[in-house]
Every structure is written in structure tokens, then in C-alpha cells.
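Have the coordinates open as you read.

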Amino acid sequence: MVLRRLDWKERKESLDLQKTALNEKHRQLGAKMVPFGGWDMPVQYTGIIQEHLSTRTDAGLFDVSHMGEIFITGASEDILSLLETLTCNTVSTMKDGQVQYNAVLNETGGLVDDVTIYKFSAEKYMICSNASNYPAVTKHLQKYQKGTCRVEDQSHIWHQLALQGPKANAILESVLKQSLDPIAYYHFQEITYKSETIIVSRTGYTGEDGFEIYTSVPLGLQLWDTLLQEGKSSGLVPVGLGARDTLRLEAKYPLYGHELNEEWSPVESGIGFIVKEKTLPYFGYERILSDKKNSPKRKIVGIQLEEPGVMRENYPIFAADETPIGKTTSGTHSPSCKVSLGLAILDFDYTKDQTEVFVEIRGQKKKAKVHLSPFIKGSVRNHKG
């Protein structure tokens, strides 16, 4: 490795990066740090492949404390008026203790962010939003709040960890000293731990069983150390953004800025399963429902390379007759499947399962096939509830 001095711009960007409370602990563990969404984050500790496979076979611990926690309180009718207007999934049918995958829409039906919504009661909800987007999501929700409805960004007082993998349940039970079986997939409970009320949800971004754990910042720092120590004998390892990306791609989970953006509708983005018809129309209602009922012009699908090579984002894709039909939005070499796979935005006529397409990699067109189901069958097979 050749060491060099950082130029002025790189030094300024490094100083401007936000740091999670665990930043120093990552460095003590030897993590390689990189900029991500305005944050200084670990990309890997011992290696992406090892961290990936450990999560698939045992368990992985992720620092996701850069994510946003936005609370919405007020009268039930005022909260539902806001959320039903700004999201495409049906919030009114949620039960207390349920988590729902949803999308916050802009005025034209594009995505401000894909989010998870937590329902505590008819008068209290929480939205978990992506790190780079939660200020925009907060501002967007506050713009349209009415009556008693109040939207408050509490991200600065919450800490969030993700514990994922086949052994995640046993490890967390051993730390919390209670059974987690009552928490169904895409549900949560408030649990007392070390005299503090914490939130434990059975969700994730890997395709495996696991949890997101919300605590105060001081308790989150303690819990990181406790989990790593308690889970060491079970194969638990800290996992960086590199393996988080390969894990989510094997499960075909989208990433904002790649498969999701302000222009594409939820159907175009490959998350049309959360699009519902509502009595109270949401932003972009006619456009989005037309995409779902009549098929969009383009759509995000999984894609797997049939020849040697590695796909990355923004590689051109062609039909057999060399007609341009789209591009990759994400790509990697899968540690589990031992092939190159990813996601792509394709003209709709080419989005049927097993359709043959060609990806241009360094000037060579490589054969690939559309793959509509997840690439792996983890301990959780369905996407975000």
C-alpha cells in the first residue's frame, strides 16, 4: 500500500464527517473507516468475506447508530392523515407493536426515503430513516403536519445496533435474560434493560433473522461491548458496511441512492409490493397505481452474471440484439453464491424471470440472467414485512 498525503479537499471532507458514538471503538478494533452518507463509518474489520459468511452462519453486529429516529405524536386522526398522505403502504391497519416497511413520497410520487414505521399506540409512532435522509424526511413530514400532529427528530438521543444471523436470537436472549420468541417478524417490544426502557425489533437488512436494538447513547456503547463479549463463543463478529452491502444484495434489498431515488416510483424501484389503494390518496397516487396496474416503463430487478466477471453500479445492459435496455444500480461478487450478482433498472419488457441480457464490463458484453427471487434463502426469506 502506498501512503500519500491527503489533499486539502480530502482533509476538509474528513473533518466534516459526522461520527457515531462508537467511532473510537471501531478504530480500536482495527476497522478500516470510509465516508458514507456524510458519516465516518467502518467498511470492514477483518475482511468483507469473513464478516459476510460469519453473519450467514453465526451472527454479525452492526453499528447503525447513524440512522434516524423520528417520532410522530398527536391525535390518531391527525397522525393518520399525515402518514396516509405521504406514504404508499396502509398505515391505518397497523397494530400496536408492529413494524411496517413503507416509503415516504415526495409530491410527484418519487421517494424521499424508504423507512420502517413503528406503532406504539394510536397516538405515537416512530419512523426509522436512512442516515443521509432523515433530516429531509423530518422536514418533509413537518411541512405537512396539521392539527395536533407533531413530528420530532430524536436521532441525537437514540443509539441503534443491528444484531443479525442464525445465532442472533440466542445471543441477545443471553444478554437481556429473557425470551424473545414473543417478538414476531416485523414486530417490536419495549424491554427494561439495566433500568432503561429499550426498543427491540425483529427486523434487519441481511436476509437473516435478527434485531434492531434502540437504546440511549451511553447504554448503546455498553451494549456493543457486552454483545461482542457474550457472543464471541457463538461466532459473533463486528461487521462493516462492505459486508452489509453484499448481504443485502444477496437478499435483494434496495439501497437509497442506488435502487431508490426522488424520481422513480416505488413500483419502478422494485418495492411495488408495498403500494396499496387507499381512500385517502397519497402523493403521486395516480402515477404509482398506474405503474402497478399497467406495468411501468422500467423496473428494478435482480441480475446474475453467467460468465466470469464482477458487476458494479452503472454498467450498461443490452438485449441480445445489442439494444440498450438499462444499467446496473448495484453489483458485487457474492461470498455465499460465488458468482457476481446485483440489481439493475431495465426496460419492463426485459424484466421477466430468467430473461437473458448482456452486461458490458470493461468493454466486453457478459451474459447474465434476470433473477426475480432472492439470491439466497436465509433464516428470513421475505422482504421487510
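## A pair of aspartates in β7

Let's begin with D113, which is buried, with a relative accessible area of 0%. Keep in mind that we're looking at a predicted model. D113 sits in strand β7, and its side chain makes a polar contact with the side chain of S129 at 2.5 Å. Setting aside the neighbours within four places in sequence, D113 is in contact with A103, V104, S129, N130, N133, V137 and Y256.

Next comes D114, also placed in strand β7, which covers residues 111-121. Is D114 buried or exposed? D114 has 5% relative accessibility, and since the cut-off for buried is under 20%, D114 counts as buried. Its side chain has two polar contacts to look at: one with the side chain of Y101, at 2.8 Å, and one with the side chain of N130, at 2.9 Å. N130 turns up in the contact list of D113 as well.

## Helix α4 under cover

Now over to helix α4, residues 76-86. Eight of its eleven residues are buried, so the helix is largely enclosed by the rest of the structure. Which residues of α4 are the buried ones? They are S76, I79, L80, L82, L83, E84, T85 and L86.

As for what lies over them, the cover includes the strands β5 (68-73), β6 (99-105), β8 (124-129) and β9 (150-153), along with helix α5 (134-144).

## A glycine in α7

G231 is found in helix α7, which runs over residues 217-231. With a relative accessibility of 0%, G231 counts as buried. Beyond its neighbours within four places in sequence, G231 is in contact with I171 and L236.

G231 and L172 are 59 residues apart in sequence, while their C-alpha atoms are 8.5 Å apart in space.

## Two positive phi angles

Most residues other than glycine have a negative phi. With that in mind, have a look at Y186: its phi is near 60°, a positive value in a residue other than glycine. Y186 is found in the loop between α6 (168-176) and β11 (188-193), and at 3% relative accessibility Y186 counts as buried.

K252 is another one to check, with a positive phi of about 65° although it is not a glycine. K252 lies in the loop between α8 (241-250) and α9 (285-294).

## Stepping back to the whole protein

Zooming out, the protein has nine helices and 20 strands. Its radius of gyration is 21 Å, close to the 21 Å that the globule rule gives for 385 residues, so the protein is as compact as a globular protein of that length. Along its principal axes, the C-alpha trace spans about 65 × 55 × 50 Å.

How much of the protein counts as buried? The figure is 57% of the 385 residues. As for contacts with a separation of 6 or more, 65% of them are between residues 24 or more positions apart. The accessible surface comes to about 17300 Å², with 50% of that belonging to carbon and sulfur atoms. Finally, on charges: there are 45 positive and 48 negative ones, and their mean positions are 3 Å apart.

Terms used:
Residues are numbered from 1 along each chain as its sequence is written. This is a predicted model: local features need pLDDT of at least 70, side-chain atom pairs count only at pLDDT 80 or more; totals for chains, interfaces and linings use all residues. Side-chain values use heavy atoms; hydrogens and water are left out. Helices (H or I, at least four residues) and strands (E, at least two) are DSSP runs, numbered from the N terminus. The radius of gyration is taken over C-alpha atoms; the globule rule is 2.2 Å times the number of residues to the power 0.38. Buried means under 20% relative accessible area, exposed over 50%, partly exposed in between (1.4 Å probe, protein chains only). Contact means heavy atoms within 4.5 Å. Accessible areas come from the Shrake-Rupley method with a 1.4 Å probe; for residues, only the protein chains shown count as cover. Lys and Arg count as positive and Asp and Glu as negative; His and the chain ends are not counted. The place of a charge is taken as NZ of Lys, CZ of Arg, CG of Asp or CD of Glu. A polar contact is a pair of N or O atoms within 3.5 Å; within protein, one must be able to donate a hydrogen and the other to accept it, and residues adjacent in sequence count only if both atoms are side-chain atoms.
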